[in-house]
Amino acid sequence: MVLEVTNKCSRCISSTCCTYTTEALGVTPRAKSDFDHLLWQVSHQGVELYKDEGDWYLMFIGNCEHLQPGGACAIYHERPQICRDYDNDWCEYDAPAEEGFELHFRNYAELLSYCKKRFKTWGR
Ligand code: SF4
Ligand code: SF4
């Protein structure tokens, strides 16, 4: 196990930034069919949807397979570039990322409720 972390990261026992991955949708969902598809996606365990600074993302909750007990990275010297670029100046150790989200749907029920408000004809 390789342990090379800054002091702040070494205090971050849960290593929150290594416990999920995200993917931008690349488009803004607008139609009922878009949200119907997203409902299917967030119905799966560990799949969430959020909107941040105008862009929509899927979030997949799950520890990175290289995250070691205690928070070290097992492939620290070969870790992907996105991990190297991640800045811990202000990160989830300071505040949960979702605090800044414009919208956040953790499951089917939450997104369905939004769809019913957004589309008066939802379900018809
Ligand atoms: S970058 Fe932030 S969230 Fe990630 S391990 Fe370091 S302190 Fe924790
Ligand atoms: S490769 Fe290492 S730094 Fe990157 S997410 Fe996985 S455990 Fe974290």
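Predicted model: local features only at pLDDT ≥ 70, side-chain atom pairs only at ≥ 80, totals over all residues.
His 104 is part of strand β4, which covers residues 103-105. The side chain of His 104 makes a polar contact of 2.7 Å with the side chain of Glu 48.

- Is His 104 buried or exposed? Its relative accessibility is 17%, so His 104 counts as buried, because buried means under 20% relative accessible area.
- Leaving aside residues up to four places away in sequence, His 104 touches Glu 48, Leu 49, Tyr 50, Glu 98 and Glu 110.

**The loop between α2 and β2**

- Ser 43 sits in the loop that runs between α2 (32-42) and β2 (47-52).
- Ser 43 has 43% relative accessibility, so Ser 43 counts as partly exposed; that label is for values between the buried limit of 20% and the exposed limit of 50%.
- What does the side chain of Ser 43 reach? It reaches the backbone oxygen of Leu 39, at 2.6 Å.
- Ser 43 and Cys 64 are separated by 21 residues in sequence and, from C-alpha to C-alpha, by 21 Å in space.
- His 44 is also found in the loop between α2 and β2.
- With 42% relative accessibility, His 44 counts as partly exposed.
- How far apart are His 44 and Asn 107 in sequence and in space? They are 63 residues apart in sequence, and their C-alpha atoms are 7.9 Å apart in space.

**Two residues with positive phi**

- Ser 15 has a positive phi of about 45°, although Ser 15 is not a glycine.
- You can find Ser 15 in the loop between α1 (7-11) and β1 (20-24).
- Ser 15 counts as buried because its relative accessibility is 7%.
- Not counting residues up to four places away in sequence, Ser 15 touches Leu 67 and Gly 71.
- Glu 53 has a positive phi too, near 50°, and Glu 53 is a residue other than glycine.
- Glu 53 belongs to the loop between β2 and β3 (55-61).
- Is Glu 53 buried or exposed? Its relative accessibility is 72%, so Glu 53 counts as exposed, because exposed means over 50%.

**Ligand 1**

- Ligand 1 sits in the largest pocket.
- Which residues surround ligand 1? They are Cys 9, Cys 12, Ser 15, Cys 17, Tyr 86, Asn 88, Cys 91 and Tyr 93.
- Ser 15, with its positive phi of about 45°, is one of the residues around ligand 1.
- The shell around ligand 1 holds six nonpolar residues, two polar ones and no charged ones.

**Ligand 2**

- Around ligand 2 you will find Cys 18, Cys 64, His 66, Leu 67, Cys 73, Ile 75, Pro 80 and Cys 83.
- By class, the shell around ligand 2 has seven nonpolar residues, one polar residue and no charged residues.
- Leu 67 is one of the residues around ligand 2, and Leu 67 is also touched by Ser 15.
- Cys 64, one of the residues around ligand 2, lies 21 Å from Ser 43, C-alpha to C-alpha.

Definitions and conventions
Residues numbered from 1 in each chain as written. Chains lettered and ligands numbered in written order. Heavy atoms only, no water. Near = heavy atom within 4 Å. 1 Å grid on protein atoms, 1.4 Å probe; cavity = no way out; pocket = protein on both sides within 12 Å on 5 of 7 lines; lining within 4 Å. Sits in = over half its atoms within 2 Å of the grid points. Nonpolar A, V, L, I, M, F, W, Y, C, P; charged D, E, K, R; others polar. Helix = DSSP H or I, 4+ residues; strand = E, 2+ residues; numbered from the N terminus. Buried < 20%, exposed > 50% of the residue type's maximum accessible area, 1.4 Å probe, protein only. Polar contact = N/O pair within 3.5 Å; in protein donor to acceptor, adjacent residues only side chain to side chain. Contact = heavy atoms within 4.5 Å.
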